[in-house]
Amino acid sequence: MRDASLVARIPTQWLRWGVALLLIALALFLWEGSKTFFNLPDYKLPHLAQIGEAFVRPTPQGPVWRVLLQDTLYTGLEAFLGFVLGGISGFLLAALFVHWKPAERGLMPYVVASQAVPIIALAPMIVVGVGRLGAPPWLSKAIIATYLTFFPVTINATRGLKSVDRDALWLMHSYAATRQQIFRKLRVPASLPYLFTALKISATASVIGAIIGELPVGSKRGIGVQIVVGSQYNTFNPGFLWATIIMAALLGMLFYGVVALVERRALHWKQE
Amino acid sequence: MVNSEWLTGMTRGSAGNVDSRRWQASILPPLLVFVVVLAVWELGVRIFQPPTFLLPAPSEISRTFFANFTELWTYGFNTFREAVAGFALGCGLGILVAIVVARSEVLSSVLLPFAVASNSVPIVAMAPLAIVWFGIDEGSKIAIVAVMCFFPTMVSMVRGLRTPSPAQVSLMRSYAANEWQIFRKLRWPAAMPFLFNAFKICATLSMIGAIVAEFFGGSVKFLGVYIKTEANILRTQNAWAAIIVACILGLSFYFAIVLLERKLMPWFTEEN
Amino acid sequence: MSHIIEFDQVWKIFGAGESETIALQNVDLTVETGEFVSIIGPSGCGKSTLLRLIADLLPPSKGDIRVNGKTPRQARLDRDYGMVFQAPTLYEWRTVLKNVELPLEVMRSAREDKRGRAVKMLDLVGLSDFQNHYPRQLSGGMQQRVSIARALVFEPTLILMDEPFGALDEFTRERLNLELLDIWAETHKTVIFVTHSISEAVFLSSRVVVMTPRPGKIARIIDIDLSYPRNFETRESDRFFELVTEVRETLKEEFTRGEIDD
């Protein structure tokens, strides 16, 4: 309101990019500045160059960035698998809830409660249990990502499928539409905005789930494993831990970004 | 997300005045599911006798829960303290920053997308860094929880403080109200529902954050470390018992916020 | 057979016991094919309920209803009527054209046939240029025109309209009234039109059914003997004013009586 009118006339898009660049520059400046000023040791705050150097350092399997990329993709696949499975099963349960009230009454309270409870704490048991059964190592991570996706999707899809207003439903009845037609042509499209809200939450949650699943001893692949390795060797190679965490952050942003992009295309009929 | 008729309805029901229709519609079905699932679980385990590390019987879990009662709850409250401290720190900072940011139209519209995008970053993956910075004990966990709570609180609070319409602000100005009065009598109350929404999200996040941060290491006298170690040495029943403690604490935290919300905002009803 | 709608001692009661409300009390009503009948009354008089009984969106509690000589259910299954609500109720994810095609899709019409009929209907309501727009890009009046096109597209014999212009401003409303009369003249449908605007009811209808609330029943049926086609001059004629006054007096009488009851 009291911002200078000159600033207010610049398009917000440009401003955002400008501010982004400015923020990054500021962060880098503060980073190196505080390192010198507070005389922080490398293991607490490495030089930016050290992080860069950690990325390009050679290993028997090729440069570090390539190794990390492979591990990140591996984790990404685990998360993606769980994301897809959780999304589909959540939506199917929501469809059941909408068509069969007793199921909703009996189960919905638990689905909702799951959101106020740290269900991710089950992760170590799933990893150990599934691992002991001799299943492939990615399976337990995918299972964790699945249930972390499943619950938010079930809640929001149920809400979305029920969000149709009475007249829109009556309109369908006036055409003597079948239940299936009402579901396909009315309920499903109406549920999409709700569904995407949940999918954006779940996108990040599934990445977190996969990473957490990689923490227990015995895991061999994935960016979670690399984070653990990084924290163990932090004193010797202070840039590496940062490199692994940057990769994990990028993976989370990629997942979120893709879902947000699909959302924008799927919901183009909403406002600009 | 978490905000549901059922979760809030439960507290309302416990205040007495549970009529029979309510009982049949919203309490009996989930109770029935609970009993049936527990019975099937117990019977299934007795008949098929899967190894305990895969799935312990409910009776086994409850025996462990009571046998290790003091131990479990001590660990539980150790973790809970971290969660609450991180919550207070993160939400407090979030509110303060929001008050500053919300004063400027440009600043809010430019910064908010970044704060929202931070949702996509798996913040818990930074736990090893927090350990490097704040030590293996409570400090690092509190820091992670604080960062996790900061962004949702700040985003909600900025949105909340900016909800009053220009007409509402004009009304205040017509009374010759000063900036402080506009803040105190208009913006702050308008932001309260948003703030409590964020509190509810953060209550859950803080328990998740504390437990998952503990997965990255720490003393065994904390729930996360305990769950991880017990799972690793295949004493799964102990881990399950610890998860029950985590769930009870998580739900209590959530409901404490809901109760506070009722108390402070009697004018605000659940109906969106 | 020329009785398109017959109500024979129809009751509609909501709730039971203490919370029981009589929405419709002993309603007798006959509508001839090709008529334009308005139902008018204050809110709570059961006029929308009456419409929903015809549409088989609600069942009657007592009495018999015939639509095209069939039960309302059979009439609905035969797609005998098109419905227009107060809110346009367009599906916001469909373009204007796809919205008008919706009933044909549900009724499984052939593809090219579908497109052609939808285009023709949009032409009729004057929106050919907006086929590929999304509902949010249209004004309230335009949205309601799409909704009318959608009700007409599968050529039902009967059009049910539930306060279709209630949410529009006075200018738009009067223009759409004229357009609706044109469409009616062109398509020879029977129209049942629920409204709470006296002048709208008189201007449009061949008969006006005046209803009273609590319990909802028919107070009077007034024949509107203004000649068609009607236009802006109709609204300024003396006869128009007399009829408006007649409807208003009937409503007032019943309204004061209702207040004494409470």
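**Close-ups of a predicted three-chain model**

**View 1. Helices α4 and α9 of chain B pack against each other.** Helix α4 (residues 69-101) of chain B sits with its axis 8 Å from that of helix α9 (residues 179-215) of chain B, at an angle of about 145 degrees. Helices here are DSSP runs (H or I, at least four residues), numbered from the N terminus; axes are lines fitted to C-alpha atoms over the stretch in contact, with angles from 0 to 180 degrees between N-to-C directions. On the α4(B) side, the contact (heavy atoms within 4.5 Å) includes Phe80(B), Phe87(B) and Ile95(B). Among the α9(B) partners are Trp188(B), Phe199(B) and Met207(B). Sorting the contact residues gives 15 nonpolar, two polar and two charged, with Cys and Pro counted as nonpolar and Gly as polar.

This is a predicted model, where local features need pLDDT of at least 70 and side-chain atom pairs pLDDT 80 or more, while totals for chains, interfaces and linings use all residues. Residues are numbered from 1 along each chain as its sequence is written, chains are lettered from A and ligands numbered from 1 in written order, and side-chain values use heavy atoms, leaving out hydrogens and water.

**View 2. Chain B meets chain A.** Here 57 residues of chain B touch 58 of chain A. Together the two chains bury about 5,000 Å², 80% of it on carbon and sulfur atoms (accessible area lost on being put together, 1.4 Å probe, summed over both). Zero salt bridges turn up across this interface (Lys or Arg side-chain nitrogen within 4 Å of an Asp or Glu carboxyl oxygen).

**View 3. Chains B and C stay apart.** Their nearest C-alpha atoms are 15 Å from each other.

Notes: Helix = DSSP H or I, 4+ residues; strand = E, 2+ residues; numbered from the N terminus.
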